[in-house]
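Subject: Structure handover

Hello,

Here is the structure I said I would pass on. My notes on it follow below.

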Amino acid sequence: MRKLIFGLVVLLGLAVLADFGAAAWSEYRVSRALREGGVLESDPAVTIHGFPFLLQARNGHYENVEIVADNVHTDLLGDITVEANLIGAHAEAGELLDGSIRSVPVDLLYGRVMLDATELGQLYGIPDLQVSAPPANKSDGTGGSGGSGPTTAGGVVLTGTVPVGPVEATVSVQADLVLDGDRVHIVASDLYFGPEGRADFSVPDILKPAVLGLFTTTIEPQNLPFGVRPTFVEARGSRIVIEGEARDAVIDLQEVQTPA
């Protein structure tokens, strides 16, 4: 009986190892296909979620394929992070294993671009720019309308050193995130003295419009993964996330990202 149990445990362990091995190889092949076709300087991270992988492969249906590509270069913002989730991806096991996979039908596709303070600071010309999401309580004045399109998600707190009259000072502002077509407007609406801000200077009223203008800008259209159109923008921690989704799409793995 002990030998039987031991044998079953060994077989189960080997099956698990085989499953993880097949998943890892498939992830590698997809990653290589993405890098070869896209404007990517390194292999993106690919994770095929769900267990067992071999059962998904047999059915040709994968619950969630997650793709993360760091340091994707753009002329406007420098290096950014690009992510995608393929929910309900359909592909033959043979295509995954031999690397011949190119087109993938997907039930639901999420694509997003993530911009951190370094990229935004480059856009603003504020090297020490810091980004944080405002409190959930909107009574502090965050959120609302601030541009030519609908505000899709609250606002953001920006802190940085800028000219205030004849001196340089660290200032925090609250700004609205506005999605207008493919563009994202960041519209500074007021000075900010809440917990997320670290302002050490009180701006005179006469200089307030000029200072707010230094924190107001437009992010030109960014290429979301696989040509997804932006539908949502929000601040998540210290990043601004531009996201879109598409249903019943057929994606080309060689077009994860085109030059911005």
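pLDDT is the predictor's confidence in each residue, from 0 to 100. Helices (H or I, at least four residues) and strands (E, at least two) are DSSP runs, numbered from the N terminus. This is a predicted model, in which local features need pLDDT of at least 70 and side-chain atom pairs count only at pLDDT 80 or more, while totals for chains, interfaces and linings use all residues. Residues are numbered from 1 along each chain as its sequence is written, and side-chain values use heavy atoms, leaving out hydrogens and water.

The protein average is 80, and 80% of the residues score at least 70.

Core: a nonpolar core is a set of buried Ala, Val, Leu, Ile, Met, Phe, Trp, Tyr and Cys residues joined through side-chain atoms within 4.5 Å; buried means under 20% relative accessible area (1.4 Å probe, protein chains only). The largest one has 62 residues, and Leu86, Leu158, Ile186 and Phe215 have the most contacts inside it. Strand 7 (residues 167-180) supplies the largest share of this core, six residues. Leaving aside residues up to four places away in sequence, Leu86 touches, among others, Tyr62, Val106 and Phe226.

Regards

Conventions
Buried means under 20% relative accessible area, exposed over 50%, partly exposed in between (1.4 Å probe, protein chains only). Contact means heavy atoms within 4.5 Å.
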